[in-house]
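The sequence and structure come first, and the description follows.

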Amino acid sequence: MNKNIKTWLLATTGVALLAGALSASAADLLQTVKSRGTLKVALEGNYPPFNFKDPKTGQLTGFEVDVANLLAAKLGVKPEFTTTEWSGILAGLGAGKYDVIINQVGITDERQKAFDFSDPYTLSSAQLIVRKDETRQFKSLDDLKGKKLGLGQGTNFEQKAKSVPGIDVRTYPGSPEYLADLAAGRIDAALNDSLLVGYILKSTKLPLKGGNPVGAVDKIGIPFRKDNPEFKTALNKALADIKADGSFKQVSEKWFGIDVSQPPKAQ
């Protein structure tokens, strides 16, 4: 399930209740990680291309697995992965089951009451998909009034599109179906998360391109327990280092064909 759909699920009382359960440890998390020699990383393990099990090898792979490996190396330790359901992933962090979550966790005011976050490592928003030979300018959803827009059934994008009167919203079971209709000219545009647009366009051979982003930009960071200032400094430095040396951009382009640390733009 797309993380933009999930954002609201843990943004209310559940996260707030975690704040009272958290306790500061005597040692900064950085000391614990260094002493242990491992960085305990939680992720779902079933959210391609971000993190999933390779069907051939059964090993965890994906963009965020690569990012975790890079960050752990910069910290001088090895990553130790735990897979868990999204519904309980923040509760597990609060209970100290792992050190960090690297799983497209949006940085929200509510979550920041319970956890600290790294600097953002991905930026995303809703983004249009159009045909490569499209000459019309769709700069916002308002420009699609009177036009046919395809998107996944039951997603938050459906509600977003239906909130704009005049758009002929067509819902589909998934992206393969609406991309096929878009390529065939049966709809005028499609809508998805900008990160997945990059992945979809990298994976498909259809004559399509990323259109304009629409709506606010979501910032995705790495949450960890509060009161660990040394760890926060070290983690942010590790993030800055993998961006500076080009390794973050390399794994980003490997999975998405774009640098996902940059604001979404038409492709």
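## Strand pairing

Strand β3 (residues 51-53) runs antiparallel to β4, and two bridges join them. Within β4, K53 has L60 as its bridge partner. The model is predicted: local features need pLDDT of at least 70, side-chain atom pairs count only at pLDDT 80 or more, and totals for chains, interfaces and linings use all residues. Residues are numbered from 1 along each chain as its sequence is written, and side-chain values use heavy atoms, with hydrogens and water left out.

Strands (E, at least two residues) and helices (H or I, at least four) are DSSP runs numbered from the N terminus. Two strands count as paired if DSSP finds at least two bridges between them. Strands of a sheet pair through backbone hydrogen bonds, either parallel or antiparallel.

β3 and β4 belong to an open sheet of three strands with the order β2-β3-β4 and antiparallel pairing. The edges are formed by β2 (46-47) and β4 (60-61), each with a single partner strand, so one side of each has no neighbour in the sheet.

Strand β10 (residues 148-152) has parallel partners. Five bridges join β10 to strand β11 (residues 168-172), and the two run parallel. The chain passes from β10 through helix α7 (residues 156-162) to β11 in a right-handed β-α-β crossover (with the strands pointing away from the viewer, the path from the first strand over the helix to the second runs clockwise). G152 has Y172 in β11 as its bridge partner. Two bridges join β10 to strand β12 (residues 189-193), also in parallel, and L149 is partnered there with A189. Four of the five residues of β10 are buried, so this strand is largely enclosed by the rest of the structure. Buried means under 20% relative accessible area, exposed over 50%, and partly exposed in between (1.4 Å probe, protein chains only).

## Salt bridges

The structure holds 13 salt bridges, each defined as a side-chain nitrogen of Lys or Arg within 4 Å of a carboxyl oxygen of Asp or Glu.

K254 is partly exposed at 45% relative accessibility, while D66 is buried at 15%. K113 counts as exposed, at 54%.

R170 is partly exposed, with a relative accessible area of 31%, and D168 is partly exposed at 32%. Elsewhere, salt bridges with shared partners join R131, E134, R136 and D188 into one network.

## The whole chain

The protein chain has 11 helices and 14 strands. Its C-alpha atoms fill a box of roughly 60 × 40 × 30 Å along the principal axes. Of the 267 residues, 49% count as buried.
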